[in-house]
Each structure stands twice: as structure tokens, then as C-alpha cells.
Amino acid sequence: MRNKRMFLFEVARGFAAILLALAVAVIFIALCTDDVGGALEQMLLRPLFAKNGTFNANSLWVVLSRMIPTIFTGLAVCVMFSANQFNLAAEGGVMLGGFLATLVGIYVPMAAGLHLVVCLLIGAVAAALTMLLPALLKVKLGASEMVSSLMLNYIIMYVVLHFLNNNFADRSKGSTQTFPFLETAAVPDLVPNTDLTWGFVIALVFVALVAVFLFRTRWGYAIRMIGINQAFSKYSGMKVGSVIVLSQVIGGFLAGLGGGIEVLGRYSTFLWRELPGYGWTGVTIAILAKNNPLMVPFAAFFMAYLERGCELMRTNAGVPAEMLDIIQAVIFLFFAAEQFLARYRQKLVVKGAREEMKQAFDSEAAAKGGNA
Amino acid sequence: MWEQLFEMIFKPDFLFSVIRITSPILFAALAAVVAEKAGVTNIGLEGIMSITALFGTLISYWTQSWAVGVLGALIVGIALALLLGFFALKLKTDIILGGIALNMIGGGGTIFLLYLFTGLRGNTGELTTPEMLIPQVNIPLLKDIPVVGEILSGHSLLTYIAFFMVFLTWLMLYKTSLGLNIRAVGENQNAADSVGVSVIKIKYIALGISGALAGLGGAYMSMYYSRSWNSGMIAGRGFIALAAQAMGQGEPTGSMWSSLLFGLANALKNKMEGMQGMSSYLVASIPYVVTVLGLVIYAVATIRRVRKTRRAQNAMTAPAGEEK
């Protein structure tokens with residue numbers, strides 16, 4: 001019963017953080033435009049509801065399709081942060097995975113069903129292997145995985161752009177992009193003629209897989225224990241080094257897979273000219289989900305909804321969509337704040353403890369009374 | 001190609017550009033040094049630099065005075081660092097995550113803020129007037145010496161301040177009671193607490209200093225280096241500064257040398273970008289590759305040093321053990 005109360009408290013606290021962020025958003029919107037109500041309507045309602053208040057299915061497909069890459073990066077960050085590894089290279093992993101998956105999709109023709117799987121696997125494995133760099137530097141040399149993974153993002157970006165521009169560019173197009181990949185490599189649509197592909201289903205499957213891995217396997221247990229107390233894990237005989245490497249390699253795999261699915265699902269060529277930003281959204285999602293893979297889809301939905309809302313607000317109310325970054329930062333800060341509303345939690349804990357004592361006392365008294 | 005490259009490197013203007021490029025990294029590296037000495041990791045440097053760069057430009061535009069702009073950037077830097085401190089120290093947000101949030105505001109948030117204040121999108125190029133730029137300083141006598149004068153004279157005022165700050169930071173850390181407290185808190189905050197040092201206050205002060213230094217770095221970027229603010233202009237310099245701090249063993253002078261190394265890599269990149277037969281993209285990745293290499297070399301050196309001292313200790317204690 002106490003746990004249930006704490007859970008409700010956590011939910012309430014999350015909503016308080018979101019409300020605070022929205023309050024900040026309202027202030028900024030008010031500074032940008034006179035029609036605050038109209039802008040808010042665009043941001044909060046329009047992603048799912050049309051002007052006359054009816055449900056807009058097409059818009060829902062847009063929001064759901066946005067979740068595909070961020071579910072993967074959110075899961076990737078969940079796994080890495082669970083082991084207390086602040087590896088921030090999911091960003092680069094997405095780009096590398098997307099690029100290599102596209103290349104295989106263009107140049108290595110294969111049978112229909114097999115082709116897509118091979119494309120995605122190669123992208124994901126390559127991203128996983130690059131994560132060995134920050135992971136091994138951390139384990140073998142004690143170098144900060146955070147700094148090296150941040151540098152890795154830039155290196156991956158420039159190397160991909162180098163090959164894109166000098167080796168694989170389709171010169172007949174005005175902008176820099178690869179040739180279109182083969183039909184067999186495309187992720188099929190889940191809802192015809194929308195951006196919502198089967199990638200969404202794959203993403204949900206991976207949510208379940210990662211949850212089982214983290215909560216129901218030996219390795220997952222080791223990852224979480226090392227995140228909680230590394231010294232204790234070491235002295236209790238866990239192979240701390242291998243597990244740290246494993247967590248980051250899995251993170252890279254998930255990020256690369258997400259990148260591949262996004263490019264092969266949404267586009268027909270590879271055309272990213274810079275890091276796509278999904279890695280950072282993934283960090284926010286992991287924070288919102290409190291590193292619990294099962295909560296990742298909900299957090300990803302929230303972020304995709306907000307992103308779509310901010311876009312609509314830009315088009316229809318003239319408020320720059322970059323406001324999203326500020327809202328995101330505020331939510332992020334309060335969500336991760338352990339002491340935010342801590343006084344109320346304290347009260348709840350005290351209240352719960354008192355009730356439990358009273359219950360115990362009552363039942364004891366009842367037992368005694370029965371004996372007498 | 002290599003000949004061409006060597007010809008370029010051994011010219012005074014190349015070394016001049018190394019110093020010019022090092023300055024903002026040096027400010028941020030010193031910011032990282034001070035924060036890390038107090039035991040707080042400030043990964044929000046990247047965001048702080050981007051935001052202060054924007055406010056430096058805006059304030060100098062409003063007042064048409066570069067000096068007020070630099071001061072404004074400094075104050076905004078302190079305010080942001082204290083905000084990070086409030087979340088990390090008071091509300092117990094993980095400081096890494098707090099830093100990431102600052103970086104988010106530094107990324108898209110600044111574009112929004114710029115639009116909010118001016119209606120411009122993404123860069124302030126059209127606002128720039130000569131009054132808004134930090135002046136260059138020609139040092140008398142020194143500027144007349146051949147080669148040396150060409151390299152060392154004629155930099156921005158903030159460049160000289162940056163290198164002077166290395167000395168000031170060292171002085172602050174090792175010759176003042178504040179510095180002693182900062183180091184004590186970073187070494188062992190329970191011990192510091194037990195002798196009556198206010199750990200929270202010292203951490204706030206260290207973060208404030210680090211914000212001020214990052215603010216100067218930001219002002220340098222927008223008010224001198226690229227002569228206007230544009231989104232993405234910091235380009236990882238805040239992160240590189242963290243690496244410079246780690247490589248410089250957390251000391252002001254060491255961090256200055258590693259900052260110079262990254263400045264050198266960056267200057268090399270700038271020179272090579274214009275050359276025939278070079279992929280501009282691969283060249284652009286040089287500073288980041290050098291940073292990773294620097295981290296590796298530093299880590300290997302540390303491990304060797306630790307092993308050496310351990311071996312020396314073993315050699316000293318071993319005979320004593322035999323006697324028993």
C-alpha cells in the first residue's frame with residue numbers, strides 16, 4: 001500500500017514538472033504572440049484534434065511515426081544510464097546506423113525479406129562496435145566515457161559526411177544525398193500512405209525485449225547493480241568491466257537500429273547533413289521514463305506530441321518551434337530533481353509509516369485480545 | 001601537399017591563429033578546472049558558452065558598447081552556473097543531467113531567444129557594428145620585434161585576459177583561503193564540512209567562477225572570433241574544454257598546454273580546409289580526433305605513473321617484509 005502511494009506521488013510529481021514547464025512555455029508564448037490561447041491550442045490540442053474538435057487520425061499517425069527513432073534512442077540511453085554510464089553517443093549511433101543501412105540497401109541487392117534485415121543488422125552492429133571506443137577507454141584506461149562519446153558524435157558525423165559527399169553522392173540531385181535504396185530494403189508501411197511503418201511495431205517489440213533483458217536476466221541484473229553501486233558489484237564477484245562494455249555496446253546497437261529503421265522507413269535516400277538530434281531526445285525520454293524501458297513508449301509519445309505541437313504552433317501561430325528545447329530543458333531539470341517536492345514525499349513516508357505501525361499495533365492488540 | 005602544409009605551419013601567422021583559436025577553449029578549460037577542483041562536473045559549459053555568446057552580442061548591440069556586452073556575458077554566465085548549482089545542490093538533480101539541460105537551452109533555446117528579442121533567425125550578422133567588437137591590442141615595443149611581435153601582438157583584449165587568467169586561477173586556487181576551501185571540498189567534502197567549511201557555499205562559488213570564465217569564452221566567440229552570433233558556433237568547444245581539463249590533470253597550467261594543443265589542431269584544420277586534395281569533412285574532424293587521442297595518451301600516462309609509484313613503494317617495503 002505504501003508503494004502504491006509512492007507511485008502515485010511520483011506520477012503527481014511528474015505532472016507537476018510538466019505543468020511547470022508548460023507555465024514557462026506560456027510565458028514565452030505570451031512574449032512572442034498576442035494570441036496566447038490560439039498558440040496553446042495549436043500546441044496542446046491540434047496534434048490529435050482537428051479544428052472542429054473531431055479526432056484527426058492522420059495527425060496521430062504522424063505523432064506515432066515520430067516515436068520510432070526516439071523509442072530506440074530512449075531504450076539505448078536507458079540501458080547505458082542504468083549502468084551509470086553517461087555515454088552520449090546515441091546521436092552518432094543513429095547517424096552511422098542510418099547511413100550504413102542505406103548503403104547496404106543501395107549496393108547489395110538481396111531477396112525481399114532478407115534484405116531489410118541485413119541492412120538494419122549491419123547498421124546496428126557497426127554502431128555497436130563504435131561504442132567499443134568510449135567503453136574500452138573507460139574500462140581499460142579510466143577515461144571519461146562522456147567526453148569521448150561526445151567527441152565520437154562529431155567524428156562519426158564528419159566521417160559519414162565525407163563518404164556521403166565524396167563517394168556515394170547522387171550528383172544529379174540539387175542537394176547532397178545518396179542514390180535511392182532498393183524497394184526490398186524499405187521498411188513497409190503499417191498504415192498505407194503515411195510515415196507510420198512497421199518500424200513502430202519493431203520498436204515496441206524491442207521495448208519488451210529490453211525490459212526482459214534488464215529485469216529478468218543475469219546480465220541485466222548486473223547492469224542495474226553496477227549502476228546502483230559499482231564497488232559492491234565488484235566485491236560480490238561481478239565482471240564490472242565486461243558489463244560496462246556490454247551496456248554501451250547494447251546502447252550502440254539500439255541506436256544504430258533506430259537510425260536504420262528511421263532512414264529506411266521515412267525516406268528513400270540518405271539525406272542527413274548533420275546529427276539528427278534523436279540521441280538527445282533519447283536522453284530526455286530515458287529521464288522521463290526513469291530508466292524503465294516499459295515507460296519509454298509513453299515518454300516518447302509525450303515528446304513526439306510536444307514536438308508536433310510546437311511545429312504546428314510555428315506554422316499557424318508564428319512561435320518558433322525551437323521553444324521545444326526550452327520546455328524540454330525545464331521538464332528535464334525538474335524530473336531529474338530528487339528533492340523537487342521532497343517535503344511532500346517526506347510527509348507521505350511519515351504518514352505511511354504511522355499507519356503501518358498503527359495497523360501492526362491494532363492487529364497485535366487484537367491477537368492478544370483473542371488469546372485472553 | 002605536405003610541403004605546402006609545412007610551409008604554412010612555419011609562418012608567424014599560423015602561430016598567431018593558434019593563440020587566437022586557443023583563447024575560448026582556454027577560458028572554458030579554466031572554468032572546468034575550477035568547478036572540478038570543487039568536485040562538481042560542469043558539462044553545461046557548452047550551453048553556457050552558447051547562451052552567453054548570444055547575450056554578449058545582444059547586450060553590446062543594445063548599448064553599442066563591447067565592454068558592457070562582455071560584462072553582460074560574464075553576468076549571464078554566472079547566473080546560468082548558479083542556476084545549475086541550484087538544481088544540482090538544492091534540488092539534487094544529477095549535475096550531469098543538469099548540464100545536459102543547459103546544453104539543450106544552448107542548442108535550440110538560443111535560436112528561440114534570439115527570435116524573441118530581435119525577430120532574427122539563427123544569426124546576428126546584420127546587427128554587428130564596429131563598436132560591438134572586442135578591440136585588438138597592439139603591445140608597444142613587443143609589436144616591433146620581428147616574428148615574436150607578429151605572433152604575440154595584435155590579439156583581442158580577451159586573449160590576453162585568458163592567458164592572464166591561467167595565472168589568476170592558479171593564484172586563487174593555491175594562494176588564497178578560498179582556493180584552499182575549494183580544493184578541500186573537492187578532495188573530501190566530509191572532512192571540509194567537519195572543520196566548518198560550508199560545502200554548499202564553496203560549490204556555489206566555484207560554479208559561479210566557472211560560469212564567469214565560460215561567459216568570457218562565449219563573449220570572445222561572438223564578439224571577436226566570428227564577429228556575430230550564429231547557432232552552432234560553439235561547435236563542441238565546451239566539451240573539448242572538459243577534455244583539456246582532464247588532460248591537464250585538472251591544473252590551470254596543464255590545462256593551458258592541452259588547450260593550446262587543441263588550438264593547434266583547430267588551426268591546422270583551418271589551414272588544411274582550403275588545400276587541394278583534402279577532404280574538408282575529414283579535416284574538420286581533426287580537433288575531435290586529437291581530443292580523443294589526447295584523452296588516451298593522458299590516461300595511459302596516468303596509469304604508468306601510478307604503476308611506477310606502486311613499484312617503487314613495493315621495492316621499499318619488500319625488504320622490510322622479508323626481515324619479518
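**Entry 1: ground rules.** I am working from a predicted model, so I keep that in mind throughout.

**Entry 2: chain A overall.** I started by looking up the secondary structure. Chain A has 15 helices and zero strands. I then checked the extent of the chain: along the principal axes, the C-alpha atoms of chain A fill a box of roughly 95 × 60 × 35 Å. How much of chain A is buried? I get 47% of its 372 residues. For contacts in chain A with a separation of 6 or more, I noted that 77% are between residues 24 or more positions apart.

**Entry 3: α6 and α11 of chain A.** I picked out helix α6 (residues 132–141) and helix α11 (residues 240–266) of chain A, whose axes come within 9 Å and cross at roughly 160°. Angles over 145 degrees count as roughly antiparallel, so that is what I wrote down for α6(A) and α11(A). I also looked up the hand of the α6(A) and α11(A) crossing, and it is right-handed. Which residues meet here? From α6(A) I listed A:L132, A:P134, A:A135, A:L136, A:K138 and A:V139. Facing them from α11(A) are A:G241, A:I244, A:V245, A:Q248 and A:V249. Sorted by class, the contact of α6(A) with α11(A) has eight nonpolar residues, two polar and one charged.

**Entry 4: α13 and α14 of chain A.** Next I took helix α13 (residues 296–317) and helix α14 (residues 323–335) of chain A. Their axes come within 10 Å, with a crossing of roughly 145°. I have the crossing of α13(A) and α14(A) down as right-handed. On the α13(A) side the contact uses A:L306, A:E307 and A:C310, and on the α14(A) side A:M323, A:L324 and A:I327. I count the classes in this α13(A)–α14(A) contact as five nonpolar, no polar and one charged.

**Entry 5: A:F168.** A:F168 sits in the loop between α7 (145–166) and α8 (199–216) of chain A. Is A:F168 buried or partly exposed? I find 19 other C-beta atoms within 10 Å of A:F168, and buried takes 20 or more, so A:F168 goes down as partly exposed. Beyond its neighbours within four places in sequence, A:F168 contacts A:L103, A:F163 and A:T178. I also checked A:I106, which is 62 residues from A:F168 along the chain; their C-alpha atoms are separated by 10.0 Å.

**Entry 6: chain B overall.** Then I ran through the other chain. Chain B comes out with 14 helices and two strands. Its C-alpha atoms fill a box of roughly 80 × 55 × 40 Å along the principal axes. I compared the radius of gyration with the rule for a compact globule: 324 residues would give near 20 Å, and chain B has 22 Å, which agrees. I have 49% of the 324 residues of chain B down as buried. Of the contacts in chain B between residues at least 6 apart in sequence, 75% join residues at least 24 apart.

Entry 7: I looked at helix α7 (residues 157–175) and helix α12 (residues 252–273) of chain B, whose axes come within 9 Å and cross at roughly 155°. I therefore have α7(B) and α12(B) as roughly antiparallel. In this contact α7(B) uses B:V166, B:T169, B:W170 and B:L173, while α12(B) uses B:P252, B:T253 and B:M256. I make that five nonpolar, two polar and no charged residues for α7(B) with α12(B).

I then went to helix α8 (residues 177–187) of chain B, where B:N181, B:I182, B:A184, B:V185 and B:G186 are buried. What do the buried residues of α8(B) pack against? I found α2 (12–37), α7, α9 (189–194) and α10 (199–225) of chain B.

**Entry 8: where the chains meet.** Last, I looked up the contact between the chains: 40 residues of chain B are in contact with 40 residues of chain A. On the chain B side, α4 (66–90), α5 (95–118), α11 (237–247), α13 (280–284) and α14 (286–323) each supply at least two residues. I noted that α5(B) gives the most to that side, with 14 residues. By class, the side of chain B that touches chain A has 28 nonpolar, nine polar and three charged residues.

Terms used: Residues are numbered from 1 along each chain as its sequence is written. Chains are lettered from A and ligands numbered from 1 in the order in which they are written. This is a predicted model: local features need pLDDT of at least 70, side-chain atom pairs count only at pLDDT 80 or more; totals for chains, interfaces and linings use all residues. Two residues are in contact if their C-beta atoms, placed from the backbone, lie within 7 Å. Helices (H or I, at least four residues) and strands (E, at least two) are DSSP runs, numbered from the N terminus. Ala, Val, Leu, Ile, Met, Phe, Trp, Tyr, Cys and Pro count as nonpolar, Asp, Glu, Lys and Arg as charged, and the others, Gly among them, as polar. The radius of gyration is taken over C-alpha atoms; the globule rule is 2.2 Å times the number of residues to the power 0.38. A residue is buried if 20 or more other C-beta atoms lie within 10 Å of its own, exposed if 12 or fewer, and partly exposed in between; C-beta atoms are placed from the backbone. Axes are lines fitted to C-alpha atoms, for helices over the stretch in contact, and angles run from 0 to 180 degrees between N-to-C directions. Angles under 35 degrees count as roughly parallel, over 145 as roughly antiparallel, 65 to 115 as roughly perpendicular and the rest as oblique. A crossing is left-handed if the near helix is turned anticlockwise from the far one by less than a right angle, and right-handed if clockwise.
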